[in-house]
Amino acid sequence: MSDTALEATGLGKRFGRRGGWALRDAAFRLPAGRVCALVGPNGAGKSTLLALAAGLLPPTEGRLTVLGGTPAGARARVGFVAQDKPLYPQLTVAETLRMGADLNPERWDAATAEQVVAGGDLDPRSRIRSLSGGQRTRVALALALGKRPELLLLDEPMADLDPLARHELMGTLMAEAAQYGTTIVMSSHVVAELEDSCDHLLLAGSGRIRLAGEIDDLLAAHLRVSGAAESTDLSAHTVVESRVTGRQLTALIRPAGPLPGDLRTSVPSLEELVLAHLRNPGAPALSAAPAVTQGSAA
Amino acid sequence: MSAALQGLPRTVLRLHRTALLVWAAVVAGLTGWLVYLNEVTAAATRRAERACAHTDVCIDSFDRFDYGTTVGWIGTLICYTFLAVAAFAGGALVGRELESGTARLAWTQGVTPVRWLTAKLALPAVAVAAGGLTLVLAFRWGWSAGEDLIPVTHWYQSDIIVARGPLTVAYGLCALAVGALAALLLRRTLAALGAAFAAMWLLNFLLTRYRADLWPAITRTSGRSIELPDNAWRVNSGRNADGYFAVYHPASHFWPLQWVETGIVLAAAALTTAAAYAVLRRRAA
């Protein structure tokens with residue numbers, strides 16, 4: 001088993017020959033066993049990245065390694081829930097789960113799948129077309145969890161859920177990750193939704209991966225500083241964002257050495273970090289992942 | 001891996017059981033209608049014919065006309081089942097899955113896109129072939145049992161020639177492949193349904209138009225006007241400087257014509273299937 005769940009080098013995807021790039025120059029490494037938040041505004045390339053990882057789209061350029069192999073080769077070990085939670089409307093809930101068993105003969109864990117469905121008080125005999133959005137999400141998650149994946153890709157999984165169900169299903173996912181060491185990647189455009197549960201971050205913005213790494217490492221690599229506007233020189237450091245209000249300068253920087261002593265510094269919140277990078281697309285990307293260990297096995 | 005092959009067909013059957021039931025009902029209905037016509041109404045029609053022989057004016061011959069027309073209609077329905085197959089394949093079978101994203105659901109359940117398409121084509125192909133064969137055999141039986149009562153319909157009529165041979169099955173299989181290709185290219189249910197329907201109609205239209213050229217016809221010339229054999233398909237005839245001429249297919253050309261066209265349609269089906277797999281491989285990793 002590979003210690004790397006996902007590894008991208010120069011990964012790009014363009015739709016159509018003259019279409020725009022949905023994703024370009026993506027390079028990052030996601031170690032196995034992490035719970036990773038894939039954050040970014042709408043149209044940032046999140047869904048494209050997840051579809052590439054699920055083996056649903058061929059990349060236009062570059063390479064993506066999934067669980068140590070090709071995305072297509074890892075298909076049986078990867079679970080995927082698409083944003084619109086597609087399910088067969090003519091089947092019942094029970095038939096949908098039976099389909100999961102039929103299509104994943106060696107891996108299917110009926111107990112887990114039934115437990116996820118049972119948590120929502122769903123009648124197994126009701127048709128998928130009669131379910132609400134949240135109930136469909138639950139069935140889609142049950143299908144993905146039932147195949148006992150090593151890597152679980154979830155595209156905006158919680159969008160349709162009420163707070164109670166969101167809390168409960170997040171708990172189920174975290175328990176799954178803890179018990180089986182499942183790597184989970186879930187996308188959202190709301191940072192707060194994922195902050196508590198995730199330990200790894202991929203920030204996508206306009207088709208690029210802007211930040212990649214352990215959330216703690218990323219936060220530690222940045223500082224919020226403020227000081228007098230005329231006397232502060234930050235040119236030695238990487239400035240992600242800086243703003244002058246009156247004679248006061250506030251900035252988010254990646255310090256490259258010791259800072260002048262008269263600056264007030266604080267550790268930014270994850271939301272501040274994400275927003276500063278999204279507001280300033282010119283800021284250089286940062287990959288704070290552990291050194292690339294391609295080919296090494298755990 | 002091999003165990004999934006047992007599960008995938010079951011899933012495909014469960015997904016399309018309504019279509020399968022409708023198809024079975026159509027096959028059973030048309031077969032039953034032919035049986036009814038021959039076992040119940042044909043005898044009555046013949047009795048009326050015999051009664052007619054003793055009178056000068058016979059209004060009962062309308063019965064005979066009715067019987068022939070009805071058999072002709074059944075032949076038309078059997079022939080054009082391939083249009084329904086094309087609509088089904090482009091729409092419900094493949095197009096809807098690509099439009100709604102459920103194809104991606106299957107592809108992330110450990111089934112490769114290639115195996116998914118194979119199951120989606122192979123199982124309906126079995127149903128189309130078995131149903132088509134049943135319809136053709138039933139129609140051939142009905143046709144020969146009541147041939148004396150069919151004055152208005154001929155073997156070379158465009159739909160009857162299809163309904164009386166393997167062409168029915170060949171067109172059905174081709175329609176499946178065309179529907180799948182249209183759906184993979186357009187990825188929209190209604191657009192693929194329409195495109196598959198139109199493409200199959202066009203293929204049938206062109207082959208019908210040039211059907212007489214698919215096997216060498218017999219040309220006869222004579223100084224006097226020509227009497228063609230019974231049941232001959234007159235392709236061309238008239239009078240030129242050398243005298244009278246007639247180009248025709250005798251009834252014995254039914255099978256050569258049938259097999260050549262079947263070969264063409266099956267070749268089209270094979271090419272379309274290959275194209276569908278090529279499109280799928282390019283679209284999905």
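**Pockets, cavities and the chain contact**

Guide: The second largest pocket holds about 380 Å³ of space. A pocket is, on a 1 Å grid over the protein atoms alone, an open set of points with protein on both sides within 12 Å along at least five of seven lines. A volume is the space filled by probe spheres set on the points, which are joined across faces, edges and corners.

Visitor: What is this model, and how are things numbered?
Guide: This is a predicted model, in which local features need pLDDT of at least 70 and side-chain atom pairs count only at pLDDT 80 or more, while totals for chains, interfaces and linings use all residues. Residues are numbered from 1 along each chain as its sequence is written, chains are lettered from A and ligands numbered from 1 in the order in which they are written, and side-chain values use heavy atoms, with hydrogens and water left out.

Visitor: Back to the second largest pocket: which residues lie nearest its centre?
Guide: They are A19(B), L20(B), W23(B), F88(B) and V128(B), out of 17 lining residues. A lining residue has an atom within 4 Å of a point.

Visitor: How do the residues of that lining divide by class?
Guide: The lining of the second largest pocket has 15 nonpolar, two polar and no charged residues. Ala, Val, Leu, Ile, Met, Phe, Trp, Tyr, Cys and Pro count as nonpolar, Asp, Glu, Lys and Arg as charged, and the others, Gly among them, as polar.

Visitor: Which elements supply at least two residues of it?
Guide: Those are α1, α2 (17–52), α4 (81–93) and α7 of chain B. Helices (H or I, at least four residues) and strands (E, at least two) are DSSP runs, numbered from the N terminus.

Visitor: And how much space lies in the largest pocket?
Guide: The largest pocket has about 950 Å³. Its lining numbers 34 residues, with F15(A), L57(A), R104(B), R187(B) and R283(B) closest to the centre. By class, 15 are nonpolar, seven polar and 12 charged.

Visitor: Which element gives the most to that lining?
Guide: α5(B) does, with four residues.

Visitor: How many cavities are there?
Guide: There are four cavities of 30 Å³ or more, a cavity being a set of points where a 1.4 Å probe fits but cannot get out. The largest cavity has a volume of about 80 Å³. Of its 13 lining residues, F80(A), V81(A), A82(A), P86(A) and L105(B) are closest to the centre. α4(A) contributes three residues, the most to this lining.
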